[in-house]
Amino acid sequence: MTILLQAEALTKHFPGRRGLIDMARRTPRPVVRALTGITLDIRAGETLGIVGESGCGKSTLARCLVGLHPPDSGAVRFEGADLAGMSGGDTLGFHRQVQMIFQDPYGSLNPLMSVGDTLSEALAVHNIVPKAAIAARVTELLAMVHLPPDAAGRRPHEFSGGQRQRIGIARALAVEPKIIVADEPVSALDVSVQAQIVNLLLELRARLGLTLVFITHDLRLVRHMTQRVAVMYLGRIVELGPTADLFAAPRHPYTRALLRAVPQLTPGMRGRDAAVRGELPSPLAPPPGCAFHPRCGIAEAGCSVSVPVLSERNGDWPVACFLAEG
Amino acid sequence: MRVSISLIIGSVLLGAMLIAAAVPDWFAPFDPLAFDYDALSMPPSGEHWFGTDQFGRDVLSRIIHAARVDLQIAVFCVIFPLVLGGAIGLLVGWYGGILDAVFGRLVDLVVTFPFLVLVIFFVAVLGPGLVNVYIAVTCVGWVPYAKLMRAEVMVQAQSDYVAAGKVLGYQMPRILLRHILPNAARPVLVYAVTDMALAILLGSSLGYLGLGAQPPTAEWGVLIADGKNFFTTAPWMALFPGLAIVLAGLGFSLTGDGLADLLAVKR
């Protein structure tokens with residue numbers, strides 16, 4: 001299977017602010033460690049899920065993958081070419097191939113531009129179709145996301161959240177990308193609308209042969225939509241495996257805790273113990289060693305000393321835990 | 001789109017001022033500059049509705065003819081600061097960093113002085129006259145526009161539709177001018193219309209002080225300044241120009257208010 005998009009040891013830190021007193025005391029500038037050494041291959045045609053709690057770096061990873069954030073170190077490669085080394089036409093080509101769907105359907109559309117203008121702009125900048133054919137192509141795009149042709153003349157505020165998310169999807173599809181990174185595309189929507197958007201994505205994936213990176217904290221969606229899943233904790237990937245196998249036999253204690261936290265309909269299946277203790281530590285000051293050890297039920301002395309790397313450890317897929325041997 | 005009462009009243013007042021400024025001769029019963037020694041300081045009457053001044057000039061005619069000058073003041077005292085401040089705010093809001101730090105100190109420097117004092121300082125250096133008033137007001141008045149524009153641009157720049165534009169590979173000028181500017185400019189334009197009311201007051205104040213429009217040009221502030229010496233004997237000379245200023249100011253304020261409702265960006 002060919003690898004389409006690659007993250008190679010991606011690290012992204014955001015400098016925080018410090019006050020005058022801290023400056024005078026020469027306290028080092030606080031740093032939010034959003035991503036630390038993320039390595040991830042996205043294969044052509046697959047749907048990869050990225051899951052984790054709020055604040056684990058999922059969205060930062062998404063934004064690095066589409067070129068919105070330049071990484072501090074490491075590289076994003078598309079079909080082998082480093083994004084940081086691209087210029088002019090190559091960058092435009094990258095943006096044509098790698099698109100994004102945003103979480104908030106209310107903020108992701110320019111409120112002053114009609115839907116038709118929003119879509120035409122993408123078509124015109126990338127010369128997708130000749131000028132004369134733009135209007136017809138806009139109608140096709142709207143049909144693709146199940147919106148009527150007259151939607152083109154209206155402004156975003158005339159649409160519901162679900163409809164706006166469809167417009168956002170149409171905009172991403174306008175440039176005919178190979179890969180779409182969807183950053184929590186349904187978490188801002190009503191549950192009834194979520195299913196429609198998810199089904200639309202599944203339909204488009206089959207029809208257009210899209211590669212999808214699906215970022216969410218909803219494990220049911222991951223199980224429903226993805227072939228592989230990466231579990232993130234405090235800026236690192238802790239487990240990366242085939243979705244079905246990983247859900248059946250999670251290897252990392254954090255993955256196990258996450259899965260146990262999914263609400264169960266069968267009474268006998270409900271766990272009584274809390275899935276995971278405590279709160280997500282601040283990414284300003286992650287714990288030493290394995291970042292999960294303060295909340296881990298099986299942590300040993302060594303866990304607070306050194307950081308476990310993501311590797312197979314005698315299993316079928318990589319996991320970042322010293323105690324997951326075999 | 002909801003048209004409010006304040007917008008209707010405001011535009012009627014401004015419309016009247018516009019018409020008076022465009023074709024004053026249609027409405028003014030007398031030549032605003034013609035002396036009439038048979039009718040010095042006459043109180044309001046059937047012939048001279050607003051009375052006459054100490055040279056027998058018809059006050060109503062002078063007020064109507066002054067509308068053109070005052071409208072010009074209102075527009076020019078706003079448009080130059082708007083363009084200059086808007087451009088500065090757009091760049092500072094987008095690029096931030098060092099530019100923003102320099103901008104912040106410059107703003108501190110300008111706002112340290114009371115607005116009118118600084119304008120009077122510039123006019124005093126440059127010399128009295130309307131053109132110099134515009135230069136002075138531009139030098140001082142760009143600050144609130146730049147601050148407002150900067151804040152709006154910073155908010156818009158963080159929005160997802162701008163991120164979507166970047167992901168689509170749009171160039172910086174396209175994102176800044178086609179996406180951010182139209183969204184950021186609306187509150188600034190609304191502020192500008194409201195600011196025109198203050199510009200009329202400023203122009204009149206400077207006229208009153210002898211720094212703005214020069215006699216014999218009829219200008220509302222100048223008319224009040226002329227009339228103040230006769231206020232006990234001929235109060236109409238200052239009263240009616242004052243009323244014109246109030247109505248014009250009200251017109252701009254109400255229009256700005258109404259526009260704010262009308263142009264509020266729906267999300």
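A polar contact is a pair of N or O atoms within 3.5 Å, where within protein one must be able to donate a hydrogen and the other to accept it, and residues adjacent in sequence count only if both atoms are side-chain atoms. The model is predicted, so local features need pLDDT of at least 70 and side-chain atom pairs count only at pLDDT 80 or more, while totals for chains, interfaces and linings use all residues. Residues are numbered from 1 along each chain as its sequence is written, chains are lettered from A in the order in which they are written, and side-chain values use heavy atoms, with hydrogens and water left out.

**Exercise 1.** Describe the interface of chain B and chain A.

*Solution.* Start with the contact (heavy atoms within 4.5 Å), to which chain B gives 19 residues and chain A gives 26 residues. Next come the polar terms: 11 residue pairs are in polar contact, both at pLDDT 80 or more, and the count of salt bridges (a side-chain nitrogen of Lys or Arg within 4 Å of a carboxyl oxygen of Asp or Glu) is three. One of the salt bridges joins the side chains of Asp160(B) and Arg63(A), at 3.0 Å from N to O.

**Exercise 2.** Find which elements of chain B give two or more residues to its side that touches chain A.

*Solution.* Taking helices as DSSP runs (H or I, at least four residues), numbered from the N terminus, one finds helix H7 (160-167) and helix H8 (172-208) of chain B.
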